[in-house]
Amino acid sequence: MPNQPLHIKRGLLTLTIMVSLLWSGSLLWLGGHPPAVQAQDAASLAQQVVELTNIERAARGLSPLKLQGSLHDAAMWIVQDSASNNYFGHTDSLGRGIDQRYTDFGYTSYNLINENIHVGSSSIDDMFSSIINYDDTRNNMFRSGHCEMGAGYNYNVNSTYQHYWSQAFGCRSGVYPLIINLEAATTHNPVVDLYIYGTGWAQEMRLSNDGANWSAWESYRSTRTWMLASGTGWRAVYVQLRNGTTIRSAWDTIQLTSPPPSAPTDLVVSSVGIGSVSLTWQDNAHNEAGFRIYKWGYGADEWEFYPLATVGANVTAFTEYGLACESDYYYLVVAYNNAGESARTPWVQATTLGCPQATLTPTATHTPLPLPTATHTPLPVATATTVVLPSAIPTAARVNPGVWNVFLPLVIKSLPPPPATPTATSMPSTVTPTVPSGTLPTNWLARVNAYRAIAGVPPVTEDATLNNNCWQHARYMAENRDITHDQNPSLPWASAAGQICAQKGNAWMDPGGSRQPYQAIDGWMTSVGHRLWLLYPTTPTFGFGFYTNGQWGGAALDILSRANMAADAAYTGWPIRYPAPNQSQVPPIKMPITLQWPYFDEAPILTGSQLRTSDGRSLRYGVTTNLPVGHKGIALTPTDNLPAGAVIEVEVVGSYKGQPFHFTWSFVTAQSNTIFQAQDVNAAQFYSAPQWSR
């Protein structure tokens, strides 16, 4: 395996392909616990690699690099292929070096290409530290001749190195990219910094926000500030460069978001009970998505204020239940939106009421929590990033522009909302929740109905026509490597029947092509939006299709074609709870806990919640009523894996359609994760269909 750059000259072209392979001590990482990057979307991590690369280049006075679609796809391919086939090198499983691979992905007419590959590091910081501390990879990242790049990340728990990272660099003849804010995905400041390639060629330039209304021609310069179009959402900037009568164009996009909300004030403890604390605060924001309540306690590895719960916009009260009597607790509150969090309120202390008299008095000594101090360092705020691609992948590759999203070990997409005017038919009422004994069945329909039985909802039947529709859509996705709810009729295997299932069901893909149909059902059950469709109690009939070509697998589930939501009002089992009361053998993962009400009815109002073990230990979690694709209900998502072999107690307080509710129930986790493979669970997460802007 080479440790030195590989220099190749072709014919009379002054083309140097420099390949640097990084081998560092981080290859030996074995890991004592699942690293944080496993839970993040691979696309988000790749976007962070691009942004951090440009930050490091800017610190050294170098020009930023444009996120380029073909390079990005090539970078994502090599890490997915490496992880799936358990190798470490620049030649992929098809025998292609970087020049052939980049060309196959559509990156042609280049002057220079380079590639860094790194394995073993479980965090971006460790990966960058290794690359910067190794001469060849550092030289690649800071080479002045580059103008474009792509990045990739893949995690495979069953591979030798588990974590695979890549950077693809290049620059093409006659291509002059435009870059906004070092290729950041979002900004809340409408005034942005532009970098415009063209030095040595361009004489004049002009700019536009819409590609139609242009500024006056001005002398070319590589850097310039610019005001984005007003409002929020995706914003584009266009540039035209002129040399004599020749004009070349480029453009870039960025998402303009609202600024972070104003901080709440006047946080007070409004009341306390023997085992509860109620808080209220003043809402000073007009653009918050909600409020996060932080609680002082032992976090990942230190005492800190950790996120306890989330409430919606305009909510100014929260109650935590299940606390110990006669004990001290500390809280603070922040407002948040997609731009980040506000400043934090000062923390408040609450002391629960004294313990009731007991027949026997224990003699244990109470050890108070360490007090937070005014100089306590706040937790770093994680801001969401959105990856956007500057160009589509070549049609010849038969790959959808969003294909790199499916390089997660398993990927699930969201559903469109169901039709608003369902037709009523009769519907059974509540079914008593049951827990099937032994292993869940492997037949897809039996597995669906086993999950529905656990949740206490009626079983479904299958329909042959719907099954065929979904098989056709599963084949379309696997053959085209395109996870979608809208088939492209110009691609092979597109069909009218498959499009029906595409628009009315859950979608799933397996890049390895080795998984079984029932694993798609398991994956959907770990995803809030997909689970709620799968457990919808008034739907009587599903259609399911599964297809694999040995390299890629696809599955689709039609749950809307036979939907019968007009029967929702007559159904008496709302809300549907999962994991269900008294359920056992729940996988000890970050399993969402959901309460589900009718889709076309009102959303519940949440005023308090608690997630704890039966011995009184509070578990960290987030809670929201803002559910995917318009579902009505509540979702509690654990911050960490649920403890194995534990009784988990759930308490949710609020109101629905003006009527108060107070639900308490418990379930038991398994001793180990016997149903899901780790890579299924880490990747089986709901996400909205990406909106490509380039």
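How many of the 17 residues of helix 7 are buried? Select residues 464–480 to find out: 13 of them are buried, so helix 7 is largely enclosed by the rest of the structure. Buried here means under 20% relative accessible area with a 1.4 Å probe, protein chains only, and helices are DSSP runs of H or I, at least four residues, numbered from the N terminus, while strands are runs of E, at least two.

Before going on: this is a predicted model, with local features needing pLDDT of at least 70 and side-chain atom pairs pLDDT 80 or more, whereas totals for chains, interfaces and linings use all residues. Residues are numbered from 1 along each chain as its sequence is written, and side-chain values use heavy atoms, leaving out hydrogens and water.

Now zoom to the start of helix 7, where a side-chain oxygen of D463 comes within 3.0 Å of the backbone nitrogen of T465. At the other end, click R481, which follows helix 7 and has a positive phi, near 50 degrees.

Next, show the cysteines: there are 2 disulfides in the whole structure, counting pairs of cysteine sulfur atoms within 2.5 Å. One joins C470 to C501, S to S 2.2 Å. C470 sits in helix 7 and C501 in helix 8 (residues 496–503), so the pair ties together parts 31 residues apart in sequence. C470 is at 0% relative accessibility, and C501 at 1%.

Last stop: C147 and C171, also joined by a disulfide. The S-S torsion is about 105 degrees, so this disulfide is right-handed. C147 and C171 are both buried.

Definitions and conventions:
The expected span of a helix is 1.5 Å times one less than its number of residues. Buried means under 20% relative accessible area, exposed over 50%, partly exposed in between (1.4 Å probe, protein chains only). A polar contact is a pair of N or O atoms within 3.5 Å; within protein, one must be able to donate a hydrogen and the other to accept it, and residues adjacent in sequence count only if both atoms are side-chain atoms.
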